[in-house]
Each structure stands twice: as structure tokens, then as C-alpha cells.
Amino acid sequence: MKPEIMIALDFPTGEDALRFLDRFGDEPLYVKVGMELFYSEGPAILEEIKKRGHRIFLDLKLHDIPNTVKSAMRVLARAGVSMTNVHAAGGRKMMEAALEGLQEGCGEGERPKLIAVTQLTSTDEAMMHDELLIEGALEDVVAGYARNAMEAGLDGVVCSAWEAERIHSVTSGSFLTVTPGIRLAGDAKGDQSRVATPARAKAMGSDYLVIGRSITKAEDPVAAYQRCKEEITHE
Ligand code: C5P
């Protein structure tokens, strides 16, 4: 079934996150745990979430010298998550080191998928030029980063849904696009610049839709999740 939805568990405490998950009953979810929740609760929260039958994308966006990232990934590999990530801006050597660390940490067990952040979906082209001091078209930069990630052996990239098609065209068939910046029609964009509805993101070839506020801040999060699922099943 393509694409899959990942719910971004952007909550300040484990209690808030687990209370939110309880609303979904027995439905197995794919959730994204980011910096806020992980730094607040540590690895214990991952165990609690897995115990409830959910899969986890651990979104810590590592970006440091290759040796440091490799050591960190070796440790993170023990957390038993399904996916984790680094910043492609750290370069090819850093991405290769991350993959090696993850592989070493897993031993014979299944390695979590490793993906790279290209440009944050809150970055637009003007900001990339004026503040990050990167020239060229945003799309070209994202495609170049994706190629680097593929050549480093990674499984995919985090990108905007609007870039998924282009990325699939410059990478191998199995290379994954994980796309935040998804909004149900009518919801506020917030700090995201390049947003798409679930149906639009599916049409543009996203493999995983990362959805936060459109579900977590909805009056009825379970209904919002079902609406997202219906959009990608029927349209
Ligand atoms: O609430 P919203 O749907 O905007 O949440 C998107 C989630 O995806 C947040 O947790 C954010 O940190 C994450 N993310 C992103 N852009 C990236 C990578 C991750 O928005 N490039």
C-alpha cells in the first residue's frame, strides 16, 4: 500500500504522546518521534510506543563529523526503530559513516532504514539563497542532495512532496521519499512553506507522508487520520 502515513508525535512529554496514541485503540500506527519528545523522555518512550504495537521513525536529523555520527548511530541502532535520519548537508562521508554505524549497531538484526534530510520543508528558495548562501534552484539542490544520499547507500530522503517526482527521476526505483509539509485542505500552513494535501502528495509520488498538526491539533485526531487515509486510498 503506497503511500504510508506517519504521524508526527510532536508532544512535550511522554504522557501527552501516550494519551494521544491511546485514542487510536488497537490500530497499529507508524509514528515519528522527533527531538522534542526524545530529548524530554529519552529511549524509554520508544519502548513504550513499540510495546503498543507501533512502528517508529526516529527523526533526530544527525549532523556532525563522520566519526561522531557513526558512534551515535551505533547506539541508536539498539533502539529498535524502523527508520532514522541524518542531514544530507553533512556530506557523503558523513552519510556513509552513519550507515556503517547503524549496520554495526544492528549486528545480525534488521537495519532501520536510513534517510537524509535534503532541505527542510520550512526553507524556501529565497531563504536558501540569502541565509544558507546556497545558489541555484531549490529543486536542483534537493535533487543533488538526493543523489549524494543514494550514492552513500542511504534508503531515501526527507523532502517536500513537490520534489518527490524529480527525486524519483534522478534516483533508483526503490529510493524512498518521505514527505512532511502535509496539510488537509483548509488547515493552517503554520511554519511550513511547501505544503501539499495527502492526495496531492500521493499523486506526486511520495512514499511516506509525515503528518503532524493536521492530525495532532485536530479536534478529533482519529477522524483526521481517517480522512488522510481515505484521501490516499480513494483519490
Ligand atoms: O505539524 P507538521 O505536519 O508541519 O509536522 C511536520 C513534522 O515533520 C515535524 O515534526 C517536523 O519536524 C518534521 N520535518 C519537517 N521538514 C523536514 C523534516 C522533518 O517538517 N524537512
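L133 sits in the loop between α6 and α7, where helices (H or I, at least four residues) and strands (E, at least two) are DSSP runs, numbered from the N terminus. The structure here is a predicted model, so local features need pLDDT of at least 70 and side-chain atom pairs count only at pLDDT 80 or more, while totals for chains, interfaces and linings use all residues. Residues are numbered from 1 along each chain as its sequence is written, and side-chain values use heavy atoms, with hydrogens and water left out.

L133 has a positive phi of about 60 degrees even though it is not a glycine. With a relative accessible area of 67%, L133 is exposed; the cut-offs are under 20% relative accessible area for buried, over 50% for exposed, and partly exposed in between, using a 1.4 Å probe and protein chains only. I134 is also placed in the loop between α6 (125-130) and α7 (138-151). I134 has a relative accessible area of 23%, which makes it partly exposed. Setting aside neighbours within four places in sequence, I134 is in contact (heavy atoms within 4.5 Å) with Q119, M128, H129, V141 and Y145.

Now for the chain as a whole. It contains 11 helices and 8 strands. For 235 residues, a compact globule would have a radius of gyration near 18 Å, and the chain agrees with this at 17 Å. That radius is taken over C-alpha atoms, and the globule rule is 2.2 Å times the number of residues to the power 0.38. Taken along the principal axes, the C-alpha atoms fill a box of roughly 45 × 40 × 35 Å. Buried residues account for 51% of the 235 residues. Of the contacts between residues at least 6 apart in sequence, 67% join residues at least 24 apart.

Next come the helix pairs. Two packed helices are described by the angle between their axes and the distance between the axes. Axes are lines fitted to C-alpha atoms, for helices over the stretch in contact, and angles run from 0 to 180 degrees between N-to-C directions.

Helix α4 (residues 66-76) packs against helix α5 (residues 92-106) at an angle of about 25 degrees, and their axes are 7 Å apart. That angle makes α4 roughly parallel to α5; the classes are under 35 degrees for roughly parallel, over 145 for roughly antiparallel, 65 to 115 for roughly perpendicular, and oblique for the rest. The crossing of α4 and α5 is right-handed, a label used if the near helix is turned clockwise from the far one by less than a right angle, with anticlockwise being left-handed. On the α4 side the contact is made by P66, V69, K70, M73 and R74, and on the α5 side by K93, M94, A97, A98, E100, G101, L102, E104 and G105. These residues split into 7 nonpolar, 2 polar and 5 charged, where Ala, Val, Leu, Ile, Met, Phe, Trp, Tyr, Cys and Pro count as nonpolar, Asp, Glu, Lys and Arg as charged, and the others, Gly among them, as polar.

α7 and helix α8 (residues 161-170) pack at an angle of about 45 degrees, with axes 9 Å apart, and are therefore oblique to each other. Their crossing is right-handed. From α7, L138, E139, D140, V142, A143, A146, R147 and M150 meet W162, E163, R166, I167 and V170 of α8. By class, this contact of α7 with α8 has 8 nonpolar, no polar and 5 charged residues.

Helix α1 (residues 14-22) and helix α3 (residues 44-51) have axes that come within 11 Å and cross at roughly 10 degrees, so α1 and α3 are roughly parallel to each other. G14, L18 and L21 of α1 make the contact with I45, E48 and I49 of α3. The contact of α1 with α3 has 4 nonpolar, 1 polar and 1 charged residues.

Finally, a few strand residues. K61 is in strand β3 (residues 55-62) and has a positive phi of about 50 degrees, although it is not a glycine. At 22% relative accessibility, K61 counts as partly exposed. H87, in strand β4 (residues 83-87), counts as buried at 17%. Not counting residues up to four places away in sequence, H87 touches K61, L62, H63, M94, V117 and L120. A8 lies in strand β1 (residues 4-8) and is buried, at 3% relative accessibility.
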